[in-house]
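Here is a short report on one structure.

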Amino acid sequence: MGILSWILLGLVAGALAKFIMPGNDPGGIIVTIIIGIVGAVIGGFIGTQLGFGDVSGFNLHSLLVAILGSLILLVGFRMIRRAS
């Protein structure tokens, strides 16, 4: 995928992950995009390792994998933040 597609997928995945798991997290739209992009990478890696597939384009499967990765990233971020 092109960089613009990754940013768009990251924006959508990050926004949906924040909608599913609301909370008092710092950051605005840029942090949401970064969470979505990194979440897509995490989700793609985990999905590939478990045999579910990866983030291969802008489709429903890739969006679900990216949202799952974003949720995992949010949970990890919140656990680290609580420990400090």
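## A residue and its contacts

Two residues are in contact when heavy atoms lie within 4.5 Å. The model is predicted. By that contact rule, Ser-70 touches Ala-13, Gly-14, Ala-17, Ile-35, Gly-36, Gly-39 and Ala-40, leaving aside residues up to four places away in sequence.

Ser-70 sits in helix α3, which covers residues 60-83. Is Ser-70 buried or exposed? Its relative accessibility is 0%, so Ser-70 counts as buried; the cut-off for buried is under 20%.

## Where α2 meets α3

Helices α2 and α3 pack with their axes 6 Å apart, at an angle of about 105 degrees. α2 is therefore roughly perpendicular to α3, since angles of 65 to 115 degrees fall in that class.

Ser-70 takes part in this contact on the α3 side, together with Val-65, Ala-66, Gly-69, Ile-72, Leu-73 and Leu-74. From α2 come Ile-35, Gly-36, Val-38, Gly-39, Ala-40, Ile-42, Gly-43, Gly-44 and Ile-46. The residues of the contact include 10 nonpolar and 6 polar ones, and no charged ones.

## The nonpolar core

The largest nonpolar core has 11 residues. Among them are Ala-13, Ala-17, Ile-35 and Ala-40, which Ser-70 also touches. Leu-9, Met-21, Leu-63, Ala-66, Ile-67, Leu-71 and Leu-74 belong to the core too.

Which elements give two or more residues to this core? They are α1 (3-20), α2 (29-50) and α3. The largest share, 5 residues, comes from α3.

Terms used. Residues numbered from 1 in each chain as written. Predicted model: local features only at pLDDT ≥ 70, side-chain atom pairs only at ≥ 80, totals over all residues. Heavy atoms only, no water. Helix = DSSP H or I, 4+ residues; strand = E, 2+ residues; numbered from the N terminus. Buried < 20%, exposed > 50% of the residue type's maximum accessible area, 1.4 Å probe, protein only. Core = buried A, V, L, I, M, F, W, Y, C linked by side-chain atoms within 4.5 Å. Axes fitted to C-alpha atoms, helices over the stretch in contact; angles between N-to-C directions. Parallel < 35°, antiparallel > 145°, perpendicular 65-115°, else oblique. Nonpolar A, V, L, I, M, F, W, Y, C, P; charged D, E, K, R; others polar.
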